[in-house]
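Biologist: I want to learn how to read a protein model feature by feature. Can we go through one together?

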Amino acid sequence: METELIRLENLVKVYDTGALKVLGLNRINLSIHQGEFVAIMGHSGSGKSTLLNILGCLDHPSLGNYYLDGQNVSYLKPNELSRIRNQKIGFVFQSFNLISRMSILKNVEVPMIYAGKKAAERQIRAKSLLEMVGLGARIHHQPNELSGGQRQRVAIARALANNPPLLLADEPTGNLDSQASIEIMELFASLHSRGVTVVVVTHEDNIAAYTNRIIRFQDGQIRSDAQNPAPTPIGKNAGLKSRLS
Ligand SMILES: Nc1ncnc2c1ncn2[C@@H]1O[C@H](COP(=O)(O)OP(=O)(O)OP(=O)(O)O)[C@@H](O)[C@H]1O
Ligand SMILES: [Mg+2]
(Lines give C-alpha, C1' and ligand atoms only; values in the text may rest on other atoms or scores of the structure.)
(Ligands and ions follow the chains in the order given, each with its own letter.)
Protein backbone atom coordinates (compact mmCIF):
# COMPACT_ATOMS: atom_id res chain seq x y z
CA MET A 1 0.00 0.00 0.00
CA GLU A 2 1.44 3.37 -1.01
CA THR A 3 1.86 6.05 1.63
CA GLU A 4 -0.41 9.08 1.51
CA LEU A 5 1.81 12.16 1.25
CA ILE A 6 -0.93 14.80 0.89
CA ARG A 7 -4.42 14.74 2.32
CA LEU A 8 -6.85 17.64 2.12
CA GLU A 9 -10.12 17.50 4.05
CA ASN A 10 -12.88 19.98 3.26
CA LEU A 11 -10.29 22.61 2.56
CA VAL A 12 -11.57 26.16 2.06
CA LYS A 13 -9.60 29.28 1.22
CA VAL A 14 -11.29 32.65 1.42
CA TYR A 15 -9.37 35.79 0.43
CA ASP A 16 -10.61 38.66 2.55
CA THR A 17 -9.87 41.89 0.74
CA GLY A 18 -11.85 44.17 3.02
CA ALA A 19 -15.24 44.79 1.42
CA LEU A 20 -14.93 41.77 -0.85
CA LYS A 21 -14.48 38.13 0.09
CA VAL A 22 -13.22 35.90 -2.71
CA LEU A 23 -13.57 32.13 -2.51
CA GLY A 24 -10.25 30.71 -3.77
CA LEU A 25 -10.93 27.07 -2.87
CA ASN A 26 -14.30 25.60 -2.03
CA ARG A 27 -14.29 22.42 0.09
CA ILE A 28 -11.50 20.44 -1.52
CA ASN A 29 -11.01 16.79 -0.63
CA LEU A 30 -7.90 15.33 -2.18
CA SER A 31 -5.35 12.62 -1.56
CA ILE A 32 -1.98 12.30 -3.29
CA HIS A 33 0.28 9.32 -2.61
CA GLN A 34 4.04 9.19 -2.45
CA GLY A 35 5.56 8.83 -5.91
CA GLU A 36 2.62 10.26 -7.89
CA PHE A 37 3.15 12.64 -10.82
CA VAL A 38 0.13 14.97 -10.96
CA ALA A 39 -0.97 17.83 -13.21
CA ILE A 40 -3.33 20.54 -11.93
CA MET A 41 -5.26 22.21 -14.75
CA GLY A 42 -8.13 24.70 -15.05
CA HIS A 43 -9.00 28.16 -16.32
CA SER A 44 -7.43 31.33 -14.97
CA GLY A 45 -8.85 32.06 -11.53
CA SER A 46 -9.99 28.47 -10.90
CA GLY A 47 -7.82 28.08 -7.78
CA LYS A 48 -4.68 26.32 -9.02
CA SER A 49 -2.12 28.66 -7.47
CA THR A 50 -4.21 28.95 -4.30
CA LEU A 51 -4.03 25.17 -3.99
CA LEU A 52 -0.31 25.01 -4.71
CA ASN A 53 0.51 27.77 -2.23
CA ILE A 54 -1.32 25.90 0.50
CA LEU A 55 0.28 22.57 -0.48
CA GLY A 56 3.65 24.34 -0.37
CA CYS A 57 2.98 25.77 3.12
CA LEU A 58 3.28 29.28 1.66
CA ASP A 59 -0.27 30.05 2.78
CA HIS A 60 -2.87 28.82 5.30
CA PRO A 61 -6.29 27.42 4.55
CA SER A 62 -9.28 29.31 5.99
CA LEU A 63 -11.12 26.13 6.99
CA GLY A 64 -10.47 22.42 6.75
CA ASN A 65 -7.29 20.42 7.15
CA TYR A 66 -4.07 19.72 5.27
CA TYR A 67 -2.07 16.68 6.33
CA LEU A 68 1.45 16.50 4.88
CA ASP A 69 3.21 13.19 5.45
CA GLY A 70 0.73 12.46 8.24
CA GLN A 71 1.16 15.77 10.07
CA ASN A 72 -1.60 18.37 10.22
CA VAL A 73 0.18 21.47 8.94
CA SER A 74 -2.93 23.61 8.39
CA TYR A 75 -2.53 26.10 11.18
CA LEU A 76 1.11 25.98 12.21
CA LYS A 77 3.06 29.10 13.15
CA PRO A 78 5.21 30.75 10.44
CA ASN A 79 8.53 29.43 11.82
CA GLU A 80 7.17 25.88 12.01
CA LEU A 81 5.89 26.19 8.45
CA SER A 82 9.28 27.44 7.23
CA ARG A 83 10.96 24.43 8.76
CA ILE A 84 8.54 22.05 7.04
CA ARG A 85 9.01 23.89 3.73
CA ASN A 86 12.76 23.62 4.05
CA GLN A 87 12.70 19.88 4.80
CA LYS A 88 9.76 18.49 2.88
CA ILE A 89 8.96 20.77 -0.05
CA GLY A 90 10.71 21.99 -3.16
CA PHE A 91 8.85 24.80 -4.92
CA VAL A 92 9.42 25.87 -8.53
CA PHE A 93 7.89 29.14 -9.76
CA GLN A 94 7.02 30.33 -13.26
CA SER A 95 9.45 33.23 -12.90
CA PHE A 96 12.34 31.10 -11.54
CA ASN A 97 12.90 33.37 -8.47
CA LEU A 98 16.67 32.95 -8.46
CA ILE A 99 18.91 35.40 -6.64
CA SER A 100 20.69 37.59 -9.18
CA ARG A 101 24.33 38.57 -8.71
CA MET A 102 24.96 35.22 -7.06
CA SER A 103 26.42 32.20 -8.83
CA ILE A 104 24.03 29.38 -9.61
CA LEU A 105 26.13 27.19 -7.29
CA LYS A 106 25.38 29.59 -4.40
CA ASN A 107 21.73 29.78 -5.41
CA VAL A 108 21.42 26.01 -5.06
CA GLU A 109 23.23 26.15 -1.70
CA VAL A 110 20.74 28.60 -0.13
CA PRO A 111 18.18 26.05 1.16
CA MET A 112 21.05 24.01 2.61
CA ILE A 113 22.33 27.07 4.51
CA TYR A 114 18.90 27.33 6.18
CA ALA A 115 19.05 23.61 6.90
CA GLY A 116 22.37 24.10 8.73
CA LYS A 117 24.55 22.07 6.35
CA LYS A 118 28.29 22.72 6.39
CA ALA A 119 29.91 24.64 3.52
CA ALA A 120 31.86 21.71 2.10
CA GLU A 121 28.83 19.43 2.09
CA ARG A 122 26.68 22.17 0.52
CA GLN A 123 29.11 22.71 -2.31
CA ILE A 124 29.43 19.05 -3.14
CA ARG A 125 25.68 18.57 -3.19
CA ALA A 126 24.96 21.77 -5.15
CA LYS A 127 27.54 20.81 -7.74
CA SER A 128 26.14 17.33 -8.18
CA LEU A 129 22.57 18.68 -8.49
CA LEU A 130 23.70 21.15 -11.15
CA GLU A 131 25.46 18.33 -12.96
CA MET A 132 22.24 16.29 -12.80
CA VAL A 133 20.30 19.10 -14.53
CA GLY A 134 23.02 19.47 -17.17
CA LEU A 135 24.67 22.64 -15.88
CA GLY A 136 27.86 21.21 -14.40
CA ALA A 137 29.98 23.38 -16.69
CA ARG A 138 28.16 26.59 -15.68
CA ILE A 139 28.27 26.51 -11.88
CA HIS A 140 30.05 29.87 -11.53
CA HIS A 141 27.69 31.68 -13.89
CA GLN A 142 25.01 34.03 -12.64
CA PRO A 143 21.33 33.51 -13.52
CA ASN A 144 21.27 36.41 -16.00
CA GLU A 145 23.96 34.64 -18.04
CA LEU A 146 21.66 31.67 -18.67
CA SER A 147 18.63 30.99 -20.88
CA GLY A 148 15.14 30.68 -19.40
CA GLY A 149 15.21 26.89 -19.62
CA GLN A 150 18.62 26.79 -17.94
CA ARG A 151 17.42 29.11 -15.17
CA GLN A 152 14.45 26.88 -14.55
CA ARG A 153 16.79 23.90 -14.29
CA VAL A 154 18.77 25.81 -11.65
CA ALA A 155 15.50 26.47 -9.81
CA ILE A 156 14.71 22.75 -9.91
CA ALA A 157 18.20 21.88 -8.61
CA ARG A 158 17.66 24.38 -5.78
CA ALA A 159 14.22 22.90 -5.03
CA LEU A 160 15.88 19.49 -4.62
CA ALA A 161 18.71 20.75 -2.40
CA ASN A 162 17.42 19.24 0.83
CA ASN A 163 16.12 16.13 -0.90
CA PRO A 164 12.42 16.86 -0.24
CA PRO A 165 9.80 14.16 -0.86
CA LEU A 166 7.48 16.70 -2.55
CA LEU A 167 8.20 18.90 -5.56
CA LEU A 168 5.59 21.54 -6.45
CA ALA A 169 5.73 23.65 -9.61
CA ASP A 170 3.34 26.48 -10.53
CA GLU A 171 3.37 26.85 -14.33
CA PRO A 172 7.10 26.04 -14.52
CA THR A 173 7.05 26.18 -18.32
CA GLY A 174 4.91 29.32 -18.56
CA ASN A 175 7.87 31.51 -19.56
CA LEU A 176 9.63 28.93 -21.74
CA ASP A 177 9.54 27.99 -25.41
CA SER A 178 8.34 24.55 -26.39
CA GLN A 179 11.78 22.90 -26.55
CA ALA A 180 12.76 24.18 -23.09
CA SER A 181 9.33 23.15 -21.78
CA ILE A 182 9.90 19.59 -23.00
CA GLU A 183 13.27 19.50 -21.24
CA ILE A 184 11.73 20.66 -17.97
CA MET A 185 8.94 18.07 -18.18
CA GLU A 186 11.46 15.33 -18.99
CA LEU A 187 13.44 16.38 -15.94
CA PHE A 188 10.29 16.15 -13.77
CA ALA A 189 9.49 12.77 -15.30
CA SER A 190 12.96 11.47 -14.47
CA LEU A 191 12.69 12.79 -10.89
CA HIS A 192 9.31 11.07 -10.64
CA SER A 193 10.91 7.83 -11.83
CA ARG A 194 13.39 8.20 -8.95
CA GLY A 195 10.54 8.39 -6.43
CA VAL A 196 9.95 12.13 -6.00
CA THR A 197 6.27 13.14 -5.79
CA VAL A 198 5.70 15.88 -8.37
CA VAL A 199 2.69 18.22 -8.67
CA VAL A 200 2.71 20.59 -11.64
CA VAL A 201 0.23 23.36 -12.47
CA THR A 202 -0.14 23.91 -16.21
CA HIS A 203 -2.51 25.33 -18.82
CA GLU A 204 -1.13 23.13 -21.57
CA ASP A 205 -2.35 19.67 -22.50
CA ASN A 206 1.01 18.56 -23.92
CA ILE A 207 2.66 19.43 -20.58
CA ALA A 208 0.01 17.64 -18.52
CA ALA A 209 0.43 14.65 -20.86
CA TYR A 210 3.73 13.78 -19.14
CA THR A 211 1.98 13.16 -15.81
CA ASN A 212 0.11 10.11 -14.53
CA ARG A 213 -2.92 11.92 -13.13
CA ILE A 214 -4.74 15.06 -14.28
CA ILE A 215 -6.91 17.04 -11.85
CA ARG A 216 -9.05 19.84 -13.33
CA PHE A 217 -10.25 22.77 -11.24
CA GLN A 218 -13.24 25.00 -11.87
CA ASP A 219 -14.42 27.83 -9.61
CA GLY A 220 -12.34 26.60 -6.67
CA GLN A 221 -13.59 23.05 -6.90
CA ILE A 222 -12.32 19.80 -8.41
CA ARG A 223 -14.21 19.27 -11.66
CA SER A 224 -12.47 16.05 -12.67
CA ASP A 225 -9.68 13.80 -11.43
CA ALA A 226 -8.45 11.10 -13.81
CA GLN A 227 -5.49 8.83 -14.34
CA ASN A 228 -3.53 9.37 -17.55
CA PRO A 229 -3.32 5.86 -19.01
CA ALA A 230 -0.44 6.71 -21.39
CA PRO A 231 1.94 9.38 -20.06
CA THR A 232 4.37 10.80 -22.63
CA PRO A 233 7.55 8.73 -22.26
CA ILE A 234 10.91 10.39 -21.59
CA GLY A 235 12.78 10.85 -24.86
CA LYS A 236 9.68 10.85 -27.07
CA ASN A 237 10.08 14.52 -27.83
CA ALA A 238 13.80 14.05 -28.21
CA GLY A 239 16.53 16.11 -26.99
CA LEU A 240 16.97 15.98 -23.26
CA LYS A 241 19.98 13.67 -23.20
CA SER A 242 21.73 15.34 -26.11
CA ARG A 243 20.90 18.86 -25.00
CA LEU A 244 21.88 18.24 -21.40
CA SER A 245 25.16 16.51 -22.09
N1 LIG B 1 -4.15 37.41 -2.81
C2 LIG B 1 -5.41 37.36 -3.26
N3 LIG B 1 -6.36 38.23 -2.84
C4 LIG B 1 -7.61 38.15 -3.28
N5 LIG B 1 -8.07 37.23 -4.14
C6 LIG B 1 -7.18 36.34 -4.61
C7 LIG B 1 -5.81 36.36 -4.20
N8 LIG B 1 -5.16 35.34 -4.83
C9 LIG B 1 -6.09 34.74 -5.61
N10 LIG B 1 -7.31 35.33 -5.47
C11 LIG B 1 -8.56 34.91 -6.13
O12 LIG B 1 -8.78 33.53 -5.88
C13 LIG B 1 -9.25 32.89 -7.05
C14 LIG B 1 -8.28 31.79 -7.46
O15 LIG B 1 -7.05 32.39 -7.85
P16 LIG B 1 -5.76 31.56 -8.26
O17 LIG B 1 -4.63 32.52 -8.29
O18 LIG B 1 -5.65 30.38 -7.37
O19 LIG B 1 -6.15 31.09 -9.74
P20 LIG B 1 -5.29 30.26 -10.81
O21 LIG B 1 -6.11 29.06 -11.16
O22 LIG B 1 -3.92 30.04 -10.32
O23 LIG B 1 -5.29 31.26 -12.06
P24 LIG B 1 -4.13 31.54 -13.18
O25 LIG B 1 -4.27 30.41 -14.18
O26 LIG B 1 -4.53 32.85 -13.75
O27 LIG B 1 -2.80 31.57 -12.50
C28 LIG B 1 -9.42 33.99 -8.10
O29 LIG B 1 -10.74 34.44 -8.06
C30 LIG B 1 -8.48 35.06 -7.63
O31 LIG B 1 -8.90 36.34 -8.04
MG1 LIG C 1 -2.03 30.70 -10.95
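This is a predicted model: local features need pLDDT of at least 70, side-chain atom pairs count only at pLDDT 80 or more; totals for chains, interfaces and linings use all residues.

Biologist: Where does T202 sit in the chain?

Modeller: T202 belongs to the loop that links strand 8 (197–201) and helix 7 (205–208).

Biologist: Is T202 buried or exposed?

Modeller: Buried means under 20% relative accessible area. T202 has 3% relative accessibility, so it counts as buried.

Biologist: Which residues does T202 touch, leaving out those up to four places away in sequence?

Modeller: T202 touches I40, M41, I207 and A208.

Biologist: Now G42. Which strand holds it?

Modeller: G42 is in strand 3, which covers residues 37–42. Its relative accessibility is 18%, and it therefore counts as buried. Beyond residues up to four places away in sequence, G42 touches K48, H203 and F217.

Biologist: How far is G42 from S62, 20 residues along the chain?

Modeller: Their C-alpha atoms are 22 Å apart.

Biologist: How do I read a sheet?

Modeller: Look at the pairing. Strands of a sheet pair through backbone hydrogen bonds, either parallel or antiparallel. Here, four strands make an open sheet, ordered 2-1-4-5, with antiparallel pairing.

Biologist: How many bridges join strand 1 to strand 2?

Modeller: Ten bridges join them, and strand 1 spans residues 4–17. Take L8 as a case: its bridge partner in strand 2 is L30.

Biologist: Which strands does helix 1 lie across?

Modeller: Helix 1 (residues 48–55) lies across strand 1, strand 2 and strand 4 (63–68). Against strand 1, helix 1 runs at about 120°.

Biologist: And how do I find empty space?

Modeller: Rolling a probe the size of a water molecule over the atoms shows where empty space is left. In this model, the largest pocket holds about 470 Å³ of space. Its lining has 18 residues, and R85, N86, I89, F91 and P111 are the closest to the centre.

Biologist: Which elements supply at least two residues of that lining?

Modeller: Helix 2 (78–88), strand 6 (89–92), helix 3 (104–114) and helix 5 (148–159) each do. Helix 3 gives the largest share, four residues.

Key
Residues are numbered from 1 along each chain as its sequence is written. Chains are lettered from A and ligands numbered from 1 in the order in which they are written. Side-chain values use heavy atoms; hydrogens and water are left out. Buried means under 20% relative accessible area, exposed over 50%, partly exposed in between (1.4 Å probe, protein chains only). Contact means heavy atoms within 4.5 Å. Two strands pair if DSSP finds at least two bridges between them. Axes are lines fitted to C-alpha atoms, for helices over the stretch in contact, and angles run from 0 to 180 degrees between N-to-C directions. On a 1 Å grid over the protein atoms alone, a cavity is a set of points where a 1.4 Å probe fits but cannot get out, and a pocket is an open set with protein on both sides within 12 Å along at least five of seven lines; lining residues have an atom within 4 Å of a point. Grid points are joined across faces, edges and corners, and a volume is the space filled by probe spheres set on the points.
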